[in-house]
Amino acid sequence: MFDRLAFSFAAFAAVTLMLDGVRAQSTEPVFYPGTNEGLFLIVTDIHFDPFSDPALVPALDKSPVSGWTEIFKGAAESIKSYGNDATYSLMVSALNAAAAQGMTYDYVLYTGDYLSHHFNDTYQKKAGDNPQGVTSFAIKTTQYVSQLLGDTFGDIPVYGVLGNEDSACGDYQLAPDSAFLEGVGEQWAKLSRQPGGFQAFKHDGFYKVTHPTVPDQDIIALSNVYWAKHYSDACNTNGGDPGKDVMTWLDEQLAETQQAGRKAQLLMHVPPGADARDTARHADKETCEASIQLFWHEHYLTDFLELMYKYAGTVDYTFSGHTHMDGFTVINDASGEPLIANQITASVSPVFGNNPAFAVFLYDRTSGAVKDSATFYLTNLEAAAAGAKTDWQLEYDYRSTYAVPDLSAASRASLAKTLQNDEPLRQRFSDLYAVQSATPEIDLVNWQAYGCALDATSLDAYKTCLCSSN
């Protein structure tokens, strides 16, 4: 559905054009991997806005993806500040900054939301005469972001998942067995370097591949938007329960992995557990219990946790996005002991007031254990929106900031407990959570909603933590 060779050349030209300016901002590499160590990169929630310059939209709509870079390069498109999704300029700046850090990545993870907010409605308003259709434009936009991820970092695999905005139907309306899934899956299979794992992708948007460097480990990518409480199957003409289908498929894949003596890492967009932001917003409810808001429908969360208990020792890490903030959750086992660490990586899109960011992870190529991470962010978004050169800098590295030995479930659970009583560290966490935002999301009033969400993933555990303290 796209001319890969022509597109790769155009993307390479764009990267070459801008990379020198980004290199000037880089310093010594944060990590020097040792024996049996490697690095991977997470960039997520770009929410690419191809409508930021309305005059370009008709040309983009009619052009194949291979022609998009030339269209953007020929325009005066620029970065936009807080409250907006990522323009072409911001997206390319972020990817080039990640490429300019002097580190070699083994692979790239993208945990969802390729498309801008209100994508469908905006397309209808700006597509111009004789539009090609929102399905075609949504596919091309997702492909364009995906291919830039593939081309910017050289010949390494890219593994992505779809977010709630990633649909030709609308927000939280991904349709199974759709043209959108077929169009995206064809490209993603090539970018993964393992097309055989994508045979079922066109049905519900999931796939399974072997880890590119860690022996005896799989990567299982879920389209878990179907589990979200806001999901609507308005565009699902086939009926049924796609959320249940994904859960059944996950059970089958984990059984296969376990029986083969392997382990797995899970990729998803919407994290498990409580939605702390939404819970804090409902703090005026009559009872504490009534204020609690989950990301997923409760029955899906219960079923998922049961699978994690069932396959304890098979899954060590899950990776998600969605919140646009820099956080984590710990999935505990049935006895309350830490079982799985879920990484939540901050977004490139500054639409919710955070500064754009990406993160680099140091890991063990033998076991897959995640040892450390470093987050980089755009320090001068408002100035860049006014025309200044972008300034990407290291924000922090995890181990030295939080004095933990690694990023395991046990270390994250220990940190969650420390944050409850260590006020200076809690303030540091709050600043980093919103990526140095001038309007931080966490404060003294709502901290408990956020603090409890770190290691109380089930509804009952979160209710006990939040409501007993209130």
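**Helix packing and selected residues**

1. Helix H15 passes H16 in a left-handed crossing; a crossing is left-handed if the near helix is turned anticlockwise from the far one by less than a right angle, and right-handed if clockwise. The contact is made by Leu415, Thr418, Leu419, Gln420 and Asn421 on the H15 side, and by Glu423, Leu425, Arg426 and Phe429 on the H16 side. Contact here means heavy atoms within 4.5 Å. By class, four of these residues are nonpolar, three polar and two charged. The classes are as follows: Ala, Val, Leu, Ile, Met, Phe, Trp, Tyr, Cys and Pro count as nonpolar, Asp, Glu, Lys and Arg as charged, and the others, Gly among them, as polar.

2. The axes of H15 and H16 come within 6 Å and cross at roughly 115 degrees, which makes H15 roughly perpendicular to H16. Axes are lines fitted to C-alpha atoms, for helices over the stretch in contact, and angles run from 0 to 180 degrees between N-to-C directions. Angles under 35 degrees count as roughly parallel, over 145 as roughly antiparallel, 65 to 115 as roughly perpendicular and the rest as oblique.

3. On the basis of the note: this is a predicted model, in which local features need pLDDT of at least 70 and side-chain atom pairs count only at pLDDT 80 or more, while totals for chains, interfaces and linings use all residues. Residues are numbered from 1 along each chain as its sequence is written, and side-chain values use heavy atoms, with hydrogens and water left out. Helices (H or I, at least four residues) and strands (E, at least two) are DSSP runs, numbered from the N terminus.

4. The protein chain has a mean pLDDT of 93, and 94% of its residues reach 70 or more; pLDDT is the predictor's confidence in each residue, from 0 to 100. Over residues 1-24 pLDDT stays under 50, and the model has 43 contacts beyond four places in sequence for that stretch. Where pLDDT is low, the predicted coordinates should not be read in detail.

5. How do H15 and H17 pack? Helix H15 (residues 409-421) and H17 lie at an angle of about 160 degrees, with their axes 9 Å apart, and they are therefore roughly antiparallel to each other. On the H15 side the contact is made by Ala413, Ala416, Lys417, Leu419 and Gln420, and on the H17 side by Trp447, Gln448, Gly451, Cys452, Leu454 and Asp455. This contact has six nonpolar, three polar and two charged residues.

6. Is helix H17 buried or exposed? Nine of the nine residues of H17 (residues 447-455) are buried, so the helix is largely enclosed by the rest of the structure. Buried means under 20% relative accessible area, exposed over 50%, and partly exposed in between (1.4 Å probe, protein chains only). Among the buried residues of H17 are Tyr450, Ala453 and Asp455.

7. Helix H6 (residues 134-152) and helix H7 (residues 179-192) pack at an angle of about 15 degrees, and their axes are 9 Å apart. That makes H6 roughly parallel to H7, and their crossing is right-handed. The residues that meet include Thr135, Ala138 and Thr142 in H6, and Phe180, Val184 and Trp188 in H7. The contact of H6 with H7 has seven nonpolar, eight polar and no charged residues.

8. Leu181 is placed in helix H7 and is buried, with a relative accessible area of 0%. Leu181 and Ser167 are 14 residues apart in sequence and 8.5 Å apart in space, C-alpha to C-alpha.

9. His47 has a positive phi of about 50 degrees; His47 is in the loop between strand S1 (37-42) and helix H2 (57-62) and is buried, at 0% relative accessible area. Gln436 has a positive phi near 60 degrees, and its place is in the loop between helix H16 (423-433) and H17. Gln436 is partly exposed, with a relative accessible area of 29%.
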